[in-house]
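This briefing sets out selected features of one structure, grouped by topic. Please read it alongside the sequence and the coordinates.

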Amino acid sequence: MKRLITIVITLLIMVTTNAQTLTERQKGLAACACLMAQGDMSRLESAVRQALDDGVTINELKEAFSQLYAYTGFPRSLNALGVLDAVLENRSEKWLEGKPWMRPEEWNDAKKAYELGTKNQTQLAGQPFNYTFCPQNDYYLKAHLFGDIFAGNQLTAADREIVTVAALSGLNGVTPQLEAHKKGAVNFGNSQELVDELCEWLGKEGYTLKSDWPKGEPNTAYAQYFIGNSYLAPMGTMVNVTFEPRCRNNWHIHHKQVQVLVCVAGRGWYQEWGKEPVELKPGVVIEIPAEAKHWHGAAKDSWMQHLTYHKDILEGASNEWLEPVTDEVYDKLK
């Protein structure tokens, strides 16, 4: 009977872990980390206020921004701490200070810091990790990042990996590190479902849109001709159109006018009827001939922005919206 009870308890724990979903506190930490990594201080200010409203403590944010200097550099870490400091000038009574900060014992003993870092790095990687190619970085990782920094008392190891995954999701050119930390997040106690939800949420909310171009307002006027959410930012004679992951417009035709697309951020697709799809990435320019049936939109795993305008406009020019691009067609894109 005792063994049966133990098995039942174990199964209940497994079910609870697998059903784990992001809390508002975790979302707050993730949003702040992602925006801090991108250096988007204007959006970070509102994200900090929202995170504090949702239960993230002041000391937790300090710890998160401090930790991320190891991934994003001191300038962005200090900028983010500056935003937090400015926000606190008009502090809400509901915002929590959090646990008192305590100086880690490991800071007074290099050997203890190195031992802790080795233990943490082994758990994160799932096996011992020794970067013999560059002994300097091997020491920094063990003694400082996973030792000194992880010894802080404000965030759990599971929290730290949520913060790290969110920050790396906001950066270009760090895919190997992001994939490693996704696995590390699970090894430190987050469920795989939670990590997947985190990455999907960051994308859906637009935090991983790495762009200097304006996102604009929801494209409500043409929403009926789109699958997913899109946004419009008028820019003189052009319009910047932002597509969330998987968003695409219906097949359509521009009669008596040429449409020009200039991809400025993210990754997506353009396709003319009967032709192979063309990948859209920053710098790609497409001139769509008048009367050509076509569609364009974002990739499955990326936001996409393009500028668009019309030229060679003849009298009687118009747009004709046609059938949606089905999942069967869209999901074949690699």
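What is the relative accessible area of Tyr114? Tyr114 has a relative accessible area of 30% and is therefore partly exposed. The model discussed here is predicted. The points below cover a nonpolar surface patch, a helix and its surroundings, a helix pair, a strand residue and the salt bridges.

**Surface patch**

- Tyr114 belongs to helix α7, which spans residues 110-125.
- Together with Tyr139 and Tyr140, Tyr114 makes a nonpolar surface patch of about 320 Å².

- The buried residues of α4 are Ile58, Asn59, Glu60, Leu61, Glu63, Ala64, Phe65 and Gln67.
- The cover over these buried residues includes α2 (24-38), α3 (41-53), α5 (69-72) and α6 (74-87), as well as α8 (135-149) and α9 (157-169).
- Gln67, found in helix α4, has a relative accessible area of 1%; this value lies under 20%, the limit for a buried residue.
- When residues up to four places away in sequence are not counted, Gln67 touches Ile149, Leu155, Arg160, Val163 and Thr164.

**Packing of α9 and α11**

- Two packed helices are described by the angle between their axes and the distance between the axes.
- For α9 and helix α11 (residues 192-204), the angle is about 35° and the axes are 11 Å apart.
- The crossing of α9 and α11 is right-handed.
- On the α9 side, Ile162, Val165, Ala166 and Ser169 take part in the contact, meeting Leu194, Leu198, Cys199 and Leu202 of α11.

**Strand residue Glu217**

- Glu217 is placed in strand β1, residues 217-218.
- With a relative accessible area of 58%, Glu217 is exposed.
- Leaving aside residues up to four places away in sequence, Glu217 touches Ser230, Tyr231 and Leu232.
- Glu217 and Lys300 are 83 residues apart along the chain, and their C-alpha atoms are separated by 21 Å.

**Salt bridges**

- The structure holds 16 salt bridges.
- One of them joins Asp327 to Arg246, with the closest N and O atoms 3.7 Å apart. Asp327 lies in helix α12 (residues 327-330), whereas Arg246 lies in the loop between β4 (238-243) and β5 (248-249), so this pair ties together parts that are 81 residues apart in sequence.
- Arg246 also forms a salt bridge with Asp331, for which the closest N and O atoms are 2.9 Å apart. Because Asp331 lies in the segment after α12 and Arg246 in the loop between β4 and β5, this pair ties together parts that are 85 residues apart in sequence.
- Arg246, Arg248, Asp327 and Asp331 are linked in a network of salt bridges.
- Glu323 lies in the loop between β13 (318-321) and α12, and Lys293 in the loop between β10 (285-288) and β11 (294-298), so the pair ties together parts that are 30 residues apart in sequence.
- Glu323 is partly exposed, with a relative accessible area of 34%.

Definitions and conventions:
Residues are numbered from 1 along each chain as its sequence is written. This is a predicted model: local features need pLDDT of at least 70, side-chain atom pairs count only at pLDDT 80 or more; totals for chains, interfaces and linings use all residues. Side-chain values use heavy atoms; hydrogens and water are left out. Buried means under 20% relative accessible area, exposed over 50%, partly exposed in between (1.4 Å probe, protein chains only). Helices (H or I, at least four residues) and strands (E, at least two) are DSSP runs, numbered from the N terminus. Contact means heavy atoms within 4.5 Å. Patches are made of residues with over 30% relative accessible area and no salt bridge: like charges are joined within 9 Å, nonpolar side chains (Val, Leu, Ile, Met, Phe, Trp, Tyr) within 5 Å. Accessible areas come from the Shrake-Rupley method with a 1.4 Å probe; for residues, only the protein chains shown count as cover. A salt bridge is a side-chain nitrogen of Lys or Arg within 4 Å of a carboxyl oxygen of Asp or Glu. Axes are lines fitted to C-alpha atoms, for helices over the stretch in contact, and angles run from 0 to 180 degrees between N-to-C directions. A crossing is left-handed if the near helix is turned anticlockwise from the far one by less than a right angle, and right-handed if clockwise.
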